[in-house]
Amino acid sequence: MPDPRFKVLTSASTSGPGDAGRTGSWRVERPVIDMSSCIPAKTGKHACHLCWLLCPDNVVSKEIEPAIDLEYCKGCGICAQECPVQAISMVPDADFLEGADSE
Amino acid sequence: MQSATEQIIQIRWHGRGGQGAITAAKVVAEAAFRSGYGGVVMAPTFGTERRGAPVTTSLKISHSKIYDLSPITTPDIVVVLDHMILHEVDVTAGLKPGGWIILNTPRPVEKHLFPGYRTAVADVTRLGVEAGLRKGIVNTGIIGALGRASGLIDIEALADNIAVEFAGRKPDANAMAARLVYDATLMFDNMGGSTDA
Amino acid sequence: MKTTARTTVLNLTEEEFIHPGNRACSGCGLSILYRVGVKALGRDCIFVVPPSCLTVMQGLYPIAATQMPVLNGTFASTAAIATGVKAAMRRLGRETQVVAWAGDGGTSDIGIQALSGALERGEDIIYICYDNEAYMNTGVQRSGTTPQGSLTTTTPFSGKSEVGKDLPAIIAAHNPAYLATCSASYPLDFHDKLLKAKQIKGLKYLHVQTPCPPGWGIEEHMTVALGRAAVETGLFDLYEIENGRMQLTGPSQQLLAKPTLRPVREYLELQTRFKALGDAQADALQAQVDRRWAGYRDRFR
Amino acid sequence: MSNPIIESGNVAAAMAVQLARAEVIAAYPITPQTPVTEKLSELIAAGKMDAEYVAVESEHSAMAVCIGAASAGVRAFTATSSNGLLYMSEQLHWAAGARLPIVMCVVNRAIGAPWSVWNDHQDAISQRDTGWIQIFAKDHQEIVDMTLKAFRLAELVHIPVMVNYDGYYLSHTYMPFEPPDAEHVDAFLPAYTYKHALTPERPESLNTVTLPDARLDVDGIKRGGYMDIRHNLHEEMGKSIEVWEEIDQEFQALFGRGGHPVIDPYRCDDADVVIVAMGSMANQFRVVVDRLRQNDGLKVGILALQMYRPFPSAIIAEALQSARHVMVYEKGLSYGNQGALYGDIKSALYPYPARPRLHNFIAGLGGRAIPTESLYQTMKTACEQDLQTPSAQADAPQWIGLQL
């Protein structure tokens with residue numbers, strides 16, 4: 001055990017989300033899921049879930065209606081590219097900015 | 001206060017790489033230490049010598065702790081494990097006047113006279129075989145000659161330490177070699193006649 | 001050979017071990033690999049990571065992205081640090097997996113001495129090399145595994161003139177307990193190879209081709225598509241070596257049934273890094289792939 | 001208490017590591033250190049020591065293995081010399097920055113080029129700024145005792161410790177020493193535990209990339225940046241001198257040896273001229289001091305420096321306050337400047353009222369013999385000369401025993 005007079009400062013990190021901040025702000029386009037095409041949403045059964053599997057950032061849920069955590073989604077679009085039924089489209093984030101509707 | 005410049009007996013060992021001069025010097029160091037010499041320092045050649053090449057080992061013996069680890073330059077005694085080394089190395093280099101040359105040789109002592117020094121010889125190679133050792137094991141035998149000529153350490157103390165050092169490696173034959181050589185050692189004082197008792 | 005039930009997207013654990021909001025680039029191939037791979041490793045493991053994109057992805061002090069212990073170490077010593085951690089685990093009587101996770105530069109160049117030593121000693125660790133085929137963390141410089149013709153910031157005009165090292169072959173020459181090649185685009189294949197590696201004593205080496213959008217000059221959404229193209233064109237083959245025996249696996253094995261593969265140009269043309277590659281070089285590459293696959297067909301079909 | 005034995009310095013070091021119950025030994029051969037790791041492998045193979053022996057492929061990896069093991073909360077040891085130490089230089093900085101209590105014996109040897117297997121101190125001196133604690137032994141007893149105390153120190157202050165001893169002069173030389181008995185060592189040196197040890201139960205990422213500035217952690221607590229972490233290393237290295245002294249007292253109470261852990265003065269009390277040296281040369285100077293006092297009536301003393309980093313500036317400066325002249329003899333230097341130790345001593349004296357005149361001597365590089373007679377003559381000449389040399393001139397080191 002170290003001597004109590006010594007602090008022994010080291011770079012020992014503990015895990016937590018958002019080390020890089022809210023990485024959703026990196027995004028230019030956001031994925032929008034058309035639940036009428038999405039296989040699990042449409043069939044009401046767990047199936048496909050490729051968007052969950054292939055998401056680099058762990059922001060897609062493995063639910064019947066997949067949800068995307070836009071707080072952290074970097075908007076890479078892999079989910080849209082890999083969706084076998086093209087249920088996901090990438091929509092400019094600017095369209096969703098506050099005030100965008102009121103213009 | 002104990003003086004660091006107290007008398008130190010300096011012994012230089014001449015052997016060949018692999019011949020066991022270091023082990024022999026270590027046995028003598030042990031025996032000296034157990035016999036009451038509080039200061040012993042044994043230092044092999046500081047180098048990259050390989051098997052067969054002439055090597056030296058230094059042994060310093062004193063009644064008090066030795067602080068000076070510098071190599072021996074003016075030995076009181078030189079121990080030569082193989083008389084052929086005499087053709088390659090000046091074993092008397094730095095040897096103090098009247099100092100001992102302890103030599104393993106099959107030739108009579110008269111053939112190894114060094115003016116101004118004393119010589120002790122024995123056919124350590126032959127006596128080693130007689131004691132039951134493989135031919136060429138001379139490092140334990142020569143300790144007997146050193147003990148006889150120098151009178152520094154009792155032969156029984158030397159033989160005991162040989163047996164301890166060589167535990168599992170013919171301890172009795174090695175100790176016997178030293179005893180046989182002790183008895184057979186012939187000494188010659190080239191400063192004025194035989195000292196052989 | 002023992003067959004194990006393959007993991008599917010449906011039975012893959014939902015438990016996540018990597019936090020979102022980390023510093024990986026958008027569309028990072030390593031992120032897919034890492035996120036799915038650690039699901040196979042589980043919580044009883046310790047990572048050893050040299051400087052690499054993974055170091056950055058791990059987070060900046062005092063926040064970490066990974067929920068498992070990670071030891072960041074010097075560039076050249078990954079396999080040796082892992083050796084030390086594993087030795088400590090043995091001392092502590094723990095079965096904890098020690099997993100070295102390094103990039104291609106950290107493995108094929110600066111880290112190869114330590115890895116070779118660990119291989120020779122047969123250290124009981126898993127070593128994963130995610131090969132994005134250049135020094136991406138420092139801004140896309142050529143590495144030992146960078147393919148011929150590839151543009152990097154240190155091969156800026158006509159691309160790398162030398163052929164990239166066949167790192168798995170170098171590892172295979174050490175006779176590791178287990179060797180597998182994988183692709184970030186087939187994360188479940190990687191996952192199951194890790195499950196297998198966990199059951200084997202000795203050094204397990206997994207070499208994973210890992211597309212990198214900024215380094216390869218591809219759009220972010222194309223990461224998975226590119227890795228798939230590399231496999232489907234026969235440029236990057238998925239295989240395992242166990243007890244000295246090589247066997248194509250998963251998607252590559254399925255390609256054996258096909259009379260022809262996708263042309264390598266389909267893969268090359270998707271990336272700006274190959275834009276200096278001439279027709280002759282592309283043809284030569286195609287011929288090389290064709291020869292290799294002809295050999296595979298003779299051997300495995 | 002155990003009986004004294006006669007063995008080489010390298011075996012003495014290995015015995016201390018055995019007594020310290022080091023658990024992971026990383027080993028790579030280099031002359032003149034090799035017998036340490038040979039002996040440890042023998043002890044482990046013979047079942048006399050319970051440890052993991054990792055025969056690594058380089059010194060860089062040797063220290064990497066120690067870093068891995070110590071990060072996981074296990075006591076680790078390695079030994080090296082010369083270019084081997086330099087090859088692991090990057091890892092030395094890493095081990096110190098990570099605050100890992102690794103202990104390493106460095107059997108001091110000259111650095112190439114050209115190749116030399118013989119002794120000097122340039123290897124250790126060149127690594128003085130790595131953040132390692134550096135201590136120097138003068139004989140085999142000190143090798144044993146210092147190595148044991150080094151483990152205790154390293155684990156109390158969480159800074160790695162380098163135990164230095166002279167190649168050949170100590171490593172390959174046989175002399176008597178007393179190995180402490182295992183029971184007392186166990187009482188002196190409790191098991192190593194580390195609050196940040198790698199474990200899945202309390203996962204942490206160690207040595208994470210650290211920003212220049214402080215940053216909040218996941219619980220909102222402010223954590224320092226790189227500079228704060230490094231400042232702490234510097235501060236706590238300084239405080240290690242005090243802990244080293246306390247450890248020496250504990251050791252003395254248990255084993256009856258010690259009392260001079262930082263500096264070891266001999267006949268310095270009334271000395272006009274004080275010699276400063278490290279390692280076995282400091283012991284050699286005792287003989288010289290005795291002769292100068294006895295034959296020449298010169299009031300000379302020798303101050304052996306046992307702890308080189310952290311540099312005990314205040315302790316040294318105090319010890320030199322009554323000297324008129326200080327002669328610094330060293331086996332390494334900062335090329336293009338002066339002896340490294342000399343520079344340190346000069347700077348230590350600067351804030352003090354009494355500043356003895358300083359003289360710098362470089363000796364024994366690459367194993368060049370340092371005959372006791374030459375030390376005696378050098379000192380005699382220096383003392384007999386007008387020692388009031390202007391300091392700028394005295395700053396240039398005098399090289400002892402040059403042959404060209």
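The model is predicted, so local features are reported only at pLDDT of at least 70 and side-chain atom pairs only at pLDDT 80 or more, whereas totals for chains, interfaces and linings use all residues. Residues are numbered from 1 along each chain as its sequence is written, chains are lettered from A and ligands numbered from 1 in the order in which they are written, and side-chain values use heavy atoms, with hydrogens and water left out.

We may begin with helix packing in chain D. Helices and strands are DSSP runs numbered from the N terminus (helices H or I, at least four residues; strands E, at least two). Helix α7 (residues 140-157) of chain D and helix α9 (residues 226-255) of chain D have axes that come within 10 Å and cross at roughly 130°. These axes are lines fitted to C-alpha atoms, for helices over the stretch in contact, with angles running from 0 to 180 degrees between N-to-C directions. The angle makes α7(D) oblique to α9(D); here, angles under 35 degrees count as roughly parallel, over 145 as roughly antiparallel, 65 to 115 as roughly perpendicular and the rest as oblique. The crossing of α7(D) and α9(D) is right-handed, a crossing being right-handed if the near helix is turned clockwise from the far one by less than a right angle, and left-handed if anticlockwise. Contact means heavy atoms within 4.5 Å. On the α7(D) side, the residues in contact include L148(D), L153(D) and L156(D), and they meet a set in α9(D) that includes V243(D), W244(D) and F251(D). By class, this contact of α7(D) with α9(D) comprises 10 nonpolar, 1 polar and 5 charged residues. The classes take Ala, Val, Leu, Ile, Met, Phe, Trp, Tyr, Cys and Pro as nonpolar, Asp, Glu, Lys and Arg as charged, and the others, Gly among them, as polar.

The axes of helix α3 (residues 141-150) of chain B and helix α5 (residues 171-184) of chain B lie 6 Å apart, and the helices pack at an angle of about 40°. The two helices, α3(B) and α5(B), are therefore oblique to each other, and their crossing is right-handed. From α3(B), G141(B), G144(B), A145(B), G147(B) and R148(B) take part, facing A177(B), A178(B), V181(B), Y182(B) and D183(B) of α5(B). The contact of α3(B) with α5(B) has 5 nonpolar, 3 polar and 2 charged residues.

Aromatic pairs come next. Rings of Phe, Tyr and Trp (its six-membered ring) pair if their centres lie within 6.5 Å, and planes under 30 degrees apart count as stacked, over 60 as edge-to-face and the rest as tilted. The count comes to 19 aromatic pairs over all chains. One of them joins W101(C) and F190(C) edge-to-face, at 5.9 Å centre to centre with 80° between the planes. Because W101(C) lies in strand β4 (residues 97-103) of chain C and F190(C) in helix α7 (residues 187-198) of chain C, the pair ties together parts that are 89 residues apart in sequence. W101(C) and F190(C) are both buried, where buried means under 20% relative accessible area, exposed over 50% and partly exposed in between (1.4 Å probe, protein chains only). A stacked pair is formed by Y127(C) and Y205(C), at 5.9 Å centre to centre and 20° between the planes. With Y127(C) in strand β5 (residues 126-131) of chain C and Y205(C) in strand β7 (residues 204-209) of chain C, this pair ties together parts that are 78 residues apart in sequence. Y127(C) is buried at 0% relative accessibility, and Y205(C) is buried with a relative accessible area of 0%. Ring pairs also link W101(C) and F190(C) with Y34(C) and F47(C) into a cluster.

Some backbone features deserve a look. Most residues other than glycine have a negative phi, and most peptide bonds are trans. In chain C, a cis peptide bond with omega of about 5° joins Y61(C) and P62(C), and P62(C) is found in the loop between α2 (53-57) and β2 (63-64). In chain D, G112(D) and A113(D) are joined by a cis peptide bond, with omega again about 5°; A113(D) sits in the loop between β5 (103-108) and α6 (122-126). V140(C), not a glycine, has a positive phi of about 65° and is buried at 16% relative accessibility. N175(C) has a positive phi near 55° and is exposed, with a relative accessible area of 62%.

Finally, no contact joins chain A and chain B, whose closest C-alpha atoms lie 36 Å apart. Chain B and chain C are likewise without contact, with closest C-alpha atoms 28 Å apart.
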